[in-house]
Amino acid sequence: MLKNVICGAITLIVGIVYIIEARRLPESSLSDEIGASGFPLLIGWALVALSVFLIGQSVLFRRQVQAEEAPSEDSVWNDPKFAAKRAAGLAAIAVAFLVLLPMAGYISALVVLIGASALYLGRPPGRDVAIVAVGGAIALWLLFVVILDIPLPAGIFEGLL
Amino acid sequence: MEAIQIGLDLLTGSPLALMAVIGMTFGIFGGAMPGVSPSITMALLLPFTYTMDPVPALVLLAATYVGAEYGGSIPAILIRTPGTNAAAATLIEGYEMQRQGKGGEALGIALVASVLGTIAGLALLILLTEPLSRLALAFRPASYFALGVLGLSVIATVSEGSLVKGAIAALIGLMIATVGTDPVSGVARFTYGSPDLLSGVPFVLVMVGLFAVSELFEQASQPDRSSDKANSSRLRLPSFGMQKTLFKANGIGMAIGAFCGLMPGAGGTVASFMAYNEAKRFSKNKDQFGKGAPEGVAATESANNTDAGVGLIPLLSFGIPASNSTAILLGGFLIHGLIPGPILFQRSPDILYGLYTGLIVAVIALPFVAIASLKLCIWLVNRPKPYLMAFIMALVFSGTYSINNSLFDLSLVLAAGILGFGMRYFGLPLLPTVLGLVLGYMVESNYRRSLVISGGDHGIFIEDPISATFLALAVIFLVGSLINEFRQRMGGGAGKKQKEELS
């Protein structure tokens, strides 16, 4: 039940903020009767109404909602904090890829992405991971740059490729 | 005749056949990997289709969809792990056959059933799409608005989780769709000065993030359960005598697959389980079910493959996708500035005839590709999951970056992945969000166009008979679903009260 109430609260806040921002949209002389803010306001108010409904429904029918919400035995949502931590770690690796890409180039950044992801997801450190990371990066570079002819930054390998 | 001529011209003049084979192959591999659904497999290819011509691009995506539906049966039979949700029903009898040393036969039965199901689905697609789309020629702006509302209502109703959550998910998609430039006045909305957002949030990036990246995030905390390794199996096609005994089961599967394919939200999973039940009901060998009944494999595979083909009808006739996979295919159309529906039939019938031709090539290629790729499929299924996930992540980000070489695009995919992860945690279904995103522009622009025509009078949505019908159906779906949910919840509460009174 608590999960639904939190969900409802978050979407309620999002709806209210969205309505406030929609009201601030400038009007234009080219606009129709509805205006640029008309449809967003409709969506915003619908979201607010449904969020309140979700919270109310979750409180009134808490036992049934709790039973419906209960995840299956092997679901990751049995330990949501752990699931969120693991997801955050993978997201951090993706952010590192974004940061490295313009500096080190496509191939190097990809080696780091594949290698770090494989290690993070449970492969033991070793030669295998290095081979898969380098091999995978080269395979993707061949696919995009050579076969599909899509230019991607070579970065530190600029002179070589 | 014209359609056949156009199809043959495209076959010889474009890489259509090659894309059909590549799509089919990629789809089989994607479908064979547990955790990678047909929609994720297609989403991985979306960024690649930007630089392609429309017909080969659409054939690539559609063939991937068809291939993935078959591919899911491979791990279901060999290691009791369905590659796709729809293959969960195939697992019941298929894995039993594998345990009895008949894994090769099970794979063969699944392959033949998949081919027959795909042919049936394709035949219905070709026969029904154009006549149905002619209905849409009578549509006015009010009708298109109401159709969008009906599509969103139906999907919100039938998606996983409660109706309220489905509706909230749809609204989230509509909200994202309002980012960009107002369709009438050109005013910038919710862009906060970012030039990258002026043309709106690219739905392809949101789709890839919501489906593929959020799935990777969720799987990051799942232990690698693939301790069962798939042994190398040789695919054995069923004999003619065996195939005759499976005729009824295949027929049941095709009929149910066709029915479910036309129902938005029903999908291959529902079709395959229904087909399993009905095949068992009408079988002369009921006692074999649960112990490795070939009919169980045939019915489920023919159902989910027929469903795949027929599921394209609502998309091609009306422009409304009824599943995650057809939503991705709609993305493929929109990337090339094409809107599926009756206008496309009128202005660019070659696009659709090319798609049909490509799918016919894909069906012909399916048995050959399936047999040739089985060893590689098994090898892939046996790879450690961390390597597969790392490679998929690399493919997602590479594909995204290849569109515009833009870090903003990568950030958007990541943000959509985080949103998708949060939505999964709260039990908010993803399909209504994607639909809200792709239909948002159509719904808003037709809403406002209708009001311009009527001078601001909302009565236009009731006066237009098609619009009134669609809106009435939407209300019926929503109210009916709400009453049903309420009854179930009250029933649960009343039952408990009765128990307390009795004790």
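Of the 161 residues of chain A, 41% count as buried (under 20% relative accessible area, with a 1.4 Å probe and protein chains only). This is a predicted model in which local features need pLDDT of at least 70, side-chain atom pairs count only at pLDDT 80 or more, and totals for chains, interfaces and linings use all residues. Residues are numbered from 1 along each chain as its sequence is written, chains are lettered from A and ligands numbered from 1 in the order in which they are written, and side-chain values use heavy atoms, with hydrogens and water left out.

**View 1. Chain A and its helices.** Chain A has 6 helices and 0 strands (DSSP runs, H or I of at least four residues for helices and E of at least two for strands, numbered from the N terminus). Along the sequence the pattern reads α-α-α-α-α-α. Of the contacts in chain A between residues at least 6 apart in sequence, 60% join residues at least 24 apart; contact means heavy atoms within 4.5 Å.

**View 2. Helices H5 and H6 of chain A.** Helix H5 (residues 106-120) and helix H6 (residues 127-147) of chain A pack with their axes 8 Å apart and at an angle of about 135°. On the H5(A) side, the residues in contact include A:Ile107, A:Leu110 and A:Ile114; on the H6(A) side, they include A:Val132, A:Ala133 and A:Leu140. The contact of H5(A) with H6(A) has 15 nonpolar, 2 polar and no charged residues.

**View 3. Helix H6 of chain A along its length.** The 21 residues of H6(A) should span 30 Å at 1.5 Å a residue, and the end C-alpha atoms are 28 Å apart, which agrees. Among the buried residues of H6(A) are A:Val129, A:Gly136, A:Trp141 and A:Phe144. The buried residues of H6(A) pack against H5 of chain A together with helix H19 (385-404) of chain B. After H6(A) comes A:Asp149, with a positive phi near 60°.

**View 4. Helix H12 of chain B.** Helix H12 (residues 247-262) of chain B has 16 residues and reaches 23 Å from its first C-alpha to its last, close to the 22 Å expected at 1.5 Å a residue. B:Asn250, B:Ile252, B:Ile256 and B:Cys260 are among the buried residues of H12(B). The partners of the buried residues of H12(B) include helix H7 (103-135), helix H13 (267-281) and helix H14 (294-310) of chain B.

Technical notes. Axes are lines fitted to C-alpha atoms, for helices over the stretch in contact, and angles run from 0 to 180 degrees between N-to-C directions. Ala, Val, Leu, Ile, Met, Phe, Trp, Tyr, Cys and Pro count as nonpolar, Asp, Glu, Lys and Arg as charged, and the others, Gly among them, as polar. The expected span of a helix is 1.5 Å times one less than its number of residues. Buried means under 20% relative accessible area, exposed over 50%, partly exposed in between (1.4 Å probe, protein chains only).
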